[in-house]
Amino acid sequence: SSDKDLGLVAIKFSHGDKVVEREARLMKRVEHEHICRLRDHHLAEGGLCCMVMELLSGGTLHEAIRSAPEKRLREFEGTRLGFHILSALVWMHQKDVIHRDIKPANAP
């Protein structure tokens, strides 16, 4: 999706509850070059939650591993990606945010 003010975005829909609302509030507090930014969110009647997020073009760590020769990253690439992920996690922890779902599919 594209918007003149937001640029390209990713839109995540889920059934809204307190967990989703809390996630949106936490995402607004955390701004880091290796963390997807939350642009807007809305909880609609019936409990449907819509989160509008920055669209990252690099793909996930899972996709990078899957497309690598022999499904293995080169040492330099693994180290670089690991540093980016860890720097984002350290930043989150400094803001008192703990990511409880670290996995390659969630790591840009």
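**Contacts across the whole chain.** Among contacts (heavy atoms within 4.5 Å) between residues at least 6 apart in sequence, 57% join residues at least 24 apart. The model is predicted: local features need pLDDT of at least 70, side-chain atom pairs count only at pLDDT 80 or more, and totals for chains, interfaces and linings use all residues. Residues are numbered from 1 along each chain as its sequence is written, and side-chain values use heavy atoms, with hydrogens and water left out.

**Elements and surface of the chain.** The chain holds 3 helices and 4 strands. Both kinds of element are DSSP runs numbered from the N terminus: helices are H or I with at least four residues, strands are E with at least two. Their order from the N terminus is β-β-α-β-β-α-α. The chain has 108 residues, and 24% of them count as buried. Buried means under 20% relative accessible area, exposed means over 50%, and partly exposed lies in between (1.4 Å probe, protein chains only).

**Strand β4 and its partners.** Strand β4 spans residues 48-54 and is mostly covered, with 6 of its 7 residues buried. Two strands pair if DSSP finds at least two bridges between them. Strand β2 (residues 7-15) pairs with β4 in the antiparallel sense, over 7 bridges. In that pairing, V9 stands opposite E54 of β4. Strand β3 (residues 38-43) is also antiparallel to β4, over 5 bridges. Here H41 stands opposite M51 of β4. In a regular strand the side chains alternate between the two faces of the sheet.

**The β3-β4 hairpin.** What separates β3 from β4 in the hairpin? A turn does, with 4 residues between the strands. G46 sits in this turn and has a positive phi of about 90°.

**Salt bridges at R37.** Side chains of opposite charge can pair when their charged atoms come close. R37 bridges to E31, with the closest N and O atoms 3.6 Å apart. E31 is exposed, at 53% relative accessibility. R37 is partly exposed, at 21%. R37 also bridges to E54, where the closest N and O atoms are 3.3 Å apart. E54 lies in strand β4 and R37 in the loop between α1 (18-29) and β3, so the pair ties together parts that are 17 residues apart in sequence. Is E54 buried or exposed? E54 counts as buried, at 16% relative accessibility.

The side chains of E77 and R80 meet in a salt bridge, 2.7 Å from N to O. Both residues lie in helix α3 (residues 75-94). E77 and R80 are 3 residues apart, about one turn of the helix. E77 is partly exposed, at 26% relative accessibility. R80 is partly exposed too, with a relative accessible area of 32%. Elsewhere, salt bridges that share partners join E31, R37 and E54 into one network.

Conventions:
Salt bridge = Lys/Arg side-chain N within 4 Å of Asp/Glu carboxyl O.
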